[in-house]
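Please look over the sequence and the model, then read on.

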Amino acid sequence: MAVAASPRIASLFSGRSLRFRLTLSSLVWVTGLILIAAAAIYGLLDIRKADDALARASAVAVAALGVEADTADLIVIEQTFVAAPTAARAAEMRTAADAAVLRADALAGAVGDLGLPTDDVAALADALRTIVTFFGELDSRQAAIGYDADSGLHGDFLAAEGALGRHINKISKSGMNEATVRIVQGFAQLSFARSEFQRVVDATTHGSVEAAIGRLGRYVGKAAIGDADKAEIQRLSDSYAATFSAWSDALVARTPVVDKLRLNFDLVPAMVDTIVAAADERRAAAAAHADAVAQRTMMVLPAVALVTLLVGVSLNTAIARGITGPLGRLKAVMTALAEGGAPEVPDTHRADEAGDMARAVAVFRDNALERRRLADDARQETETRLARQTRVDDLIAGFRAEVRDTLHMVAVSMEEMEGTAGAMIAIAEETAERTGTAATASASTRSGVQTVASAAEELSASITEIETQVAQTNDVVTRAAERPGLRRQGPPPHRRRPPDRRRGGADPGDRRPDQPARPQRDHRAARAARPGAALPWSPPR
């Protein structure tokens with residue numbers, strides 16, 4: 001899928017630079033990693049939040065159950081205190097009640113942090129504060145009643161009861177008869193009624209006590225005892241009745257406080273159960289939310305990773321194709337250029353780095369073609385120059401050969417003239433040695449010899465001028481041959497001729513241009529001076 005989508009992505013980003021594409025690829029990978037990390041962190045935070053809510057819900061439930069346990073302890077303490085009130089139990093009751101209130105306040109804060117309704121926990125806290133208030137009222141009323149047999153209304157009642165019992169016991173010991181037995185039975189009935197009242201503390205038992213007091217008075221009035229004993233028993237009965245009335249009134253006044261306490265105690269379990277149920281519901285919701293977050297995270301992370309992988313691989317594949325494709329085509333172009341071809345450079349229209357490289361390769365190709373054209377032109381020019389040099393060398397060699405042949409012919413003619421002049425001089429000398437009779441003929445001959453000598457001198461001057469012209473021609477040819485691009489070459493070996501050294505002659509080309517012509521004796525002049533003789537060659541004028 002990613003490979004199939006990469007050509008479309010490559011065409012989409014073909015006009016973008018390589019830096020842009022690499023930056024985009026990096027951004028895709030970084031974004032994918034950030035998304036994966038964000039999903040993981042979000043999932044972990046959400047799970048941690050759910051776990052925190054679960055822990056707080058559990059703490060609320062535990063605290064509510066703790067409040068219920070404290071309330072149960074208060075109930076036990078209250079029942080024990082009501083049955084046998086002591087100052088130590090009163091202090092224990094106040095301490096336990098204050099601790100329960102503090103725990104209820106902490107529970108209210110925990111419930112508020114958890115986001116649960118605070119009505120139930122507020123009612124629970126109010127109930128516990130009411131219990132504390134009633135505990136205080138119960139303590140104050142019990143303090144008025146008394147904590148032991150020596151204090152309070154209870155102490156006064158016990159003292160009156162003890163005095164009455166002791167006096168009746170005294171009468172019974174002084175003489176047992178039916179009357180005294182009835183007095184003892186009446187006191188026993190009174191004690192039982194008082195015990196029932198103290199246990200129940202209600203109007204019925206209170207009436208039973210009052211009836212027992214009246215019955216005891218009737219028994220005393222009918223008894224056959226002394227008037228002093230009757231009066232004392234009546235006084236002690238009245239004191240008993242008075243102290244009982246005060247003590248019973250206090251007990252009856254304490255009873256509504258105890259009932260209210262127990263009523264509030266009865267409210268606490270229902271409130272606690274409501275709070276615990278709400279906490280359990282929130283805990284179950286938190287656990288379900290944690291499970292859902294975990295499942296969602298386990299689904300989101302692979303999905304984000306897969307999307308990132310697909311997009312990243314597609315983009316990287318497109319980038320790789322956008323790089324390797326143009327580079328491969330440029331490699332083929334450069335290989336063709338190296339092999340001497342002239343291929344067309346592709347991708348020059350691209351706006352990215354591959355297009356820049358393609359345009360640079362196009363410049364290289366144009367430069368290579370231009371160098372090839374220049375090399376071909378230089379090769380053709382060299383071949384043309386070599387052909388021209390060959391022709392010039394051939395012309396120079398021919399010219400040299402013709403000049404050499406001409407000079408050779410001139411030298412041969414000069415040798416012949418020198419031989420003729422020498423012969424004429426020899427004849428003139430021979431004639432001079434002859435008889436004086438031939439003086440006139442000798443003078444005439446000498447004149448001819450001089451004429452021949454003048455002609456020889458003129459011929460020598462002509463030869464010198466020819467040699468000068470040949471030397472100048474050689475200089476011109478040498479400079480032309482030494483021009484750049486022309487290689488000086490001598491005449492072909494078959495065109496060269498060695499100088500003629502016959503009769504001491506030398507090649508006229510061997511003489512320097514500034515060397516004067518050597519005067520030669522014209523032996524033919526004497527011969528020409530003879531009558532009827534003629535010169536074989538006349539130098540040009």
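R199 has a relative accessible area of 61%, so R199 counts as exposed. The model in which this is seen is a predicted one. R199 pairs with E196 in a salt bridge, with 2.8 Å between the closest N and O atoms. Both residues belong to helix α6, where they are three residues apart, or about one turn of the helix. An α-helix has 3.6 residues a turn, so residues three or four places apart point the same way. E196 counts as partly exposed, because its relative accessibility is 24%.

Helix α6 runs over residues 178-200, and its 23 residues should span 33 Å at 1.5 Å a residue; the end C-alpha atoms are 33 Å apart, so the two values agree. Just after α6, V201 has a positive phi of about 55°.

## The buried side of the account

Which residues of α6 are buried? They are A179, T180, I183, G186, F187, L190, A193, R194 and F197. R194, which sits in helix α6, has a relative accessibility of 15% and therefore counts as buried, the cut-off being under 20%. Apart from neighbours within four places in sequence, R194 is in contact with F157, E161, V209, Y240, F244 and W247.

## The chain as a whole

The chain contains 11 helices and zero strands. Of its 541 residues, 34% are buried. Where contacts link residues at least 6 apart in sequence, 78% of them join residues at least 24 apart. The chain exposes about 30800 Å², and 59% of that area comes from carbon and sulfur atoms.

## A span annotated in UniProt

An unreviewed UniProt entry lists residues 26-45 as "transmembrane region". In the model this span is 100% helix and 0% strand, and its end C-alpha atoms lie 28 Å apart.

## Salt bridges elsewhere

The count of salt bridges comes to 14. One of them joins the side chains of D46 and R296, at 3.3 Å from N to O. D46 lies in helix α2 (residues 18-83) and R296 in helix α8, so this pair ties together parts that are 250 residues apart in sequence. R296, with a relative accessible area of 36%, is partly exposed.

Another salt bridge links the side chains of R235 and E232, at 2.3 Å from N to O. These two residues are three residues apart in helix α8, so about one helical turn separates them. R235 is partly exposed at 48% relative accessibility, and E232 is partly exposed with a relative accessible area of 26%.

## Features of the surface

L306, V307, L309, L310, V311 and V313 make a nonpolar surface patch of about 460 Å². Among them, L309 is found in helix α8, which covers residues 227-338. L309 has a relative accessible area of 43%, so L309 is partly exposed.

D113 belongs to helix α3 (residues 87-114). With a relative accessible area of 60%, D113 is exposed. How far apart in space are D113 and A57? Their C-alpha atoms are 9.7 Å apart, while in sequence the two residues are 56 residues apart.

Technical notes: Residues numbered from 1 in each chain as written. Predicted model: local features only at pLDDT ≥ 70, side-chain atom pairs only at ≥ 80, totals over all residues. Heavy atoms only, no water. Helix = DSSP H or I, 4+ residues; strand = E, 2+ residues; numbered from the N terminus. Expected span 1.5 Å × (residues − 1). Buried < 20%, exposed > 50% of the residue type's maximum accessible area, 1.4 Å probe, protein only. UniProt positions renumbered as here; feature names shortened; annotations may be inferred. Contact = heavy atoms within 4.5 Å. Areas by Shrake-Rupley, 256 points an atom, 1.4 Å probe, with all protein chains shown as cover. Patch = residues over 30% accessible without salt bridge, like charges linked within 9 Å, V, L, I, M, F, W, Y side chains within 5 Å. Salt bridge = Lys/Arg side-chain N within 4 Å of Asp/Glu carboxyl O.
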